[in-house]
Amino acid sequence: MKNEVKIHEVNPLLNNRRSFLKISGLTIVGTGLLLAGCNHDDDDENMPVDDTSLPGIRNGVFDLGSGDFGVLTYAYALEQLEADFYTKVVNASNFNSVFSDIERQVLTDLYHHEVIHRDFFKAALSGALPNPSTQLLPSLAFNYGSMNFNSRSEVLATAKALEDTGVAAYNGAGKLIKSADYLVLAGKIVSVEARHAAAIRSLINPNSKDFAGDDVVNATTGLDVAKDPSKILAVAGGFITTPFTAKYLP
């Protein structure tokens with residue numbers, strides 16, 4: 001029996017027009033989840049090190065694994081990327097002068113959200129993995145090439161690409177999750193990521209329908225795009241310099 005992360009609901013306060021993007025230091029905004037602890041099964045201590053459902057180093061390179069742990073580790077990698085990006089955005093030298101008041105508010109909120117998401121997955125995996133010292137994905141390093149973090153257009157375009165990719169990633173990974181608790185967790189976090197994507201799109205093109213454009217929402221079904229991990233990592237991997245593999249995810 002796999003380790004399970006125990007979660008419970010909280011009721012975030014909704015106060016104003018920007019409440020869907022607000023966050024406290026303890027909650028994942030919109031998801032209504034707090035990490036409450038973990039349940040370790042003694043059988044997990046005897047799981048073979050070559051179990052492909054577990055993340056870990058194989059042939060000298062960290063692999064994400066498969067199954068629920070693989071999906072959670074995959075999500076952790078993506079949240080590390082988004083948290084790193086927004087950290088660089090809000091700490092750019094011209095952040096206060098390049099962006100308007102509302103743009104700074106939104107980008108700062110997104111920064112807080114992604115840091116909380118990243119730290120949530122790190123804590124959850126640290127508590128649930130049988131041997132987190134070797135099975136927890138390390139902190140990743142990133143490179144954004146020639147991107148100018150003091151350019152409004154470049155920052156918003158990259159934020160749009162990352163948020164759209166994040167939504168498609170969670171949607172595509174849902175079918176791979178077996179635990180009902182983990183599926184609920186992913187569903188709630190992707191609802192926050194979808195709000196991020198809509199907010200960024202509205203900053204780029206205010207008062208338009210772009211917040212739910214046909215490029216990300218199927219005009220027939222009304223559902224967001226869903227992509228398998230291999231397609232997502234082909235895009236996100238362009239920013240990630242730390243080598244890892246995902247041999248056991250589709």
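Helices are DSSP runs of H or I with at least four residues, numbered from the N terminus. Asp84 lies in one of these, helix H1. The model is predicted, and the values below are computed from it.

Helix H1 spans residues 67-90. It has 24 residues and reaches 35 Å from its first C-alpha to its last. That is close to the 34 Å expected at 1.5 Å a residue. Of the 24 residues of H1, 21 are buried, so the helix is largely enclosed by the rest of the structure.

One packing partner of H1 is helix H3, residues 101-128. The two helices pack at an angle of about 150°. Their axes are 8 Å apart. The crossing of H1 and H3 is left-handed. By class, this contact has 15 nonpolar residues, along with five polar and five charged ones.

Within H1, Asp84 was examined at the side-chain level. Its relative accessible area is 18%. Buried means under 20%, so Asp84 counts as buried. The Asp84 side chain makes a polar contact of 2.9 Å with the side chain of Lys88. An α-helix has 3.6 residues a turn, so residues three or four places apart point the same way. A second polar contact, of 2.6 Å, joins the side chains of Asp84 and Tyr144. With residues up to four places away in sequence left out, Asp84 touches Phe142 and Tyr144.

How values were computed:
Residues are numbered from 1 along each chain as its sequence is written. This is a predicted model: local features need pLDDT of at least 70, side-chain atom pairs count only at pLDDT 80 or more; totals for chains, interfaces and linings use all residues. Side-chain values use heavy atoms; hydrogens and water are left out. Axes are lines fitted to C-alpha atoms, for helices over the stretch in contact, and angles run from 0 to 180 degrees between N-to-C directions. A crossing is left-handed if the near helix is turned anticlockwise from the far one by less than a right angle, and right-handed if clockwise. Ala, Val, Leu, Ile, Met, Phe, Trp, Tyr, Cys and Pro count as nonpolar, Asp, Glu, Lys and Arg as charged, and the others, Gly among them, as polar. The expected span of a helix is 1.5 Å times one less than its number of residues. Buried means under 20% relative accessible area, exposed over 50%, partly exposed in between (1.4 Å probe, protein chains only). A polar contact is a pair of N or O atoms within 3.5 Å; within protein, one must be able to donate a hydrogen and the other to accept it, and residues adjacent in sequence count only if both atoms are side-chain atoms. Contact means heavy atoms within 4.5 Å.
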